[in-house]
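Please look over the chain shown below before reading on.

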Amino acid sequence: MNERCEIAVVGGGPVGAAATLALARQGFEVVLIERGAPPPAFDAANYDTRVYALAPRSAAFLDALGAWEAVRRARVSPYSAMRVWETNPERGLCFRAGDAGRGELGWIVEHGLILSALWARLEALARLTNAVIESAEFGASRARLVLAGGRSLDARLVVAADGADSPLRRFAGIETVARGYGERALVSHVRTEQPHRATAYQRFLPSGPLAFLPLSDGRSSIVWSAEETVAQELLALDDAAFRARLAEASERVLGEIGEATPRLAFPLRLQHAREYARPGLVLIGDAAHTLHPLAGQGLNLGLADAECLADTLAAARDAGRDWSGARTLARYARARKAANLEMLALTDALDRAFRLRVPGLRALLAVGLRAVDRWDPVRAWFARQAVGV
Ligand SMILES: Cc1cc2nc3c(=O)[nH]c(=O)nc-3n(C[C@H](O)[C@H](O)[C@H](O)COP(=O)(O)OP(=O)(O)OC[C@H]3O[C@@H](n4cnc5c(N)ncnc54)[C@H](O)[C@@H]3O)c2cc1C
């Protein structure tokens, strides 16, 4: 069976689901193809181990898509300050939402909750197909996707939102610049002796950064990025030994660690697609870029890709131009490449600088952080960057 549509989005993760909604709301006829089952409805009894720090700009986009209210009502944790340090939490850098003239720097939101809120809106606006893409051909006037089971789908434009290992990127022969960090990020929700006071904490350790993100039930979600050997060691520790290591590594900024949920580990890599668009194909989200989680920006960048793509295509169509043509896709690619590369370079430089065992350089960075903290206009600038305004 051969089906047709204007736009096929492949990948129903948070970025693909948001892009599908944004494009459908702009009046495009969209089919979303996801190989997994639809996300389960939100279950308040389970706190998802995967959480994101969402910037205000991302929340505003989800709001425009009609999904933020459901997320906010279910469970979000606003944070209004962020403390970053290397050797002494009192001597690090503190961003406060007030420095950027805001009530909060962002929100900690569960992965499953974002997905279920987006998918709940999708059902009325787009065709949803549960299938794996087996192969694809892309051309200027039409792209063809071959789905498992022999079905095929012709689309004027295919949007690849199929994650870091993007099969579509591979089918199109788009190369990436990639480097494994040789690090893994351990994730767990922990109860701490002292309250988090709606503050996110991040310590730069020589083995990699350790973050505490405040959760609405008083716990914090940790993201502990560590070199492979250290990560293996941490994964092998029993619960009590892990909590003791964590308390020590955090310089007890929130006191002792009371309880910790089972640890999940994610390998980390820096990856950037050499091209974001080819005739008939455009890349968004992790399919186009992955970066170190130390700045909590991967999903935020992916949502900005989705928003930019929907706006760029709609503007071209409304101006009577070819909305799927090379010029329109190049406009999207230019806009997003610049913003994404800037963030990739910044997070990569930060990770490297703090892991280099060059005392002078690290001391200089630590002094730099302290100087920034004392200088209000610069701190305000950093805080505005953090919230994306
Ligand atoms: C430890 C850690 C912490 C992080 N913290 C943050 C944070 O605080 N803030 C932040 O902004 N970002 C964060 N990130 C980054 C964030 O997780 C990713 O950027 C985001 O999940 C990417 O979403 P996506 O929709 O592009 O890709 P994915 O979530 O990978 O979705 C891809 C989808 O495509 C589907 N798919 C793949 N292939 C096919 C196929 N052939 N056919 C059909 N479907 C297919 C998959 O099933 C999947 O549903 C973090 C990442 C890590 C590892």
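The structure is a predicted model, in which local features need pLDDT of at least 70 and side-chain atom pairs count only at pLDDT 80 or more, whereas totals for chains, interfaces and linings use all residues. Residues are numbered from 1 along each chain as its sequence is written, and side-chain values use heavy atoms, with hydrogens and water left out.

The chain has eleven helices and 20 strands, where helices (H or I, at least four residues) and strands (E, at least two) are DSSP runs numbered from the N terminus. Its radius of gyration is 21 Å, close to the 21 Å that the globule rule gives for 389 residues, so the chain is as compact as a globular protein of that length; the radius is taken over C-alpha atoms, and the rule is 2.2 Å times the number of residues to the power 0.38. Along its principal axes, the C-alpha trace spans about 60 × 40 × 40 Å.

How much of the chain is buried? Of the 389 residues, 53% count as buried, a term that stands for under 20% relative accessible area, with exposed meaning over 50% and partly exposed in between (1.4 Å probe, protein chains only). The accessible surface of the chain comes to about 16,600 Å², and 53% of this surface belongs to carbon and sulfur atoms; the areas come from the Shrake-Rupley method with a 1.4 Å probe, and for residues only the protein chains shown count as cover. Among the contacts with a separation of 6 or more, 73% are accounted for by residues 24 or more positions apart, contact meaning heavy atoms within 4.5 Å. As for charge, the chain carries 48 positive and 44 negative side chains, and the centres of the two sets lie 4 Å apart. Here Lys and Arg count as positive and Asp and Glu as negative, while His and the chain ends are not counted, and each charge is placed at NZ of Lys, CZ of Arg, CG of Asp or CD of Glu.

The chain is divided into domain 1 (2-69 + 112-178 + 270-350) and domain 2 (74-110 + 181-268 + 358-387), with bounds that come from an automatic or database domain assignment. The C-alpha centres of domain 1 and domain 2 lie 29 Å apart, and 27 residues of domain 1 are in contact with 34 residues of domain 2.

Leaving aside neighbours within four places in sequence, L281 is in contact with F138, L157, V158, A160, L168, A172, I174, Y276 and L329. The C-alpha atoms of L281 and A326, 45 residues apart along the chain, are separated by 9.9 Å. S324 and L281 are 43 residues apart in sequence, with 8.9 Å between their C-alpha atoms. S324 itself lies in the loop between α8 (298-318) and α9 (326-355) and is buried, with a relative accessible area of 5%. Not counting residues up to four places away in sequence, S324 touches R156, L157 and L329.

Two further elements also hold buried residues. In helix α2 (residues 56-64), the buried residues are P56, S58, A59, F61 and L62, and α2 is followed by G66, whose phi is positive, near 80°. L93, in strand β6 (residues 93-96), counts as buried at 3% relative accessibility; L93 and M82 are eleven residues apart in sequence and 8.1 Å apart in space, C-alpha to C-alpha.

Which residues other than glycine have a positive phi? A198, which is not a glycine, has a positive phi of about 50°; A198 is placed in the loop between β12 (176-192) and β13 (199-205) and counts as partly exposed at 24% relative accessibility. R252 has a positive phi near 50°, sits in the loop between α7 (239-249) and β16 (257-260), and is partly exposed, with a relative accessible area of 39%.

The last stop is G149, found in the loop between β10 (143-147) and β11 (152-160). G149 is exposed, with a relative accessible area of 81%, and although G149 and Y201 are 52 residues apart in sequence, their C-alpha atoms are 48 Å apart in space.
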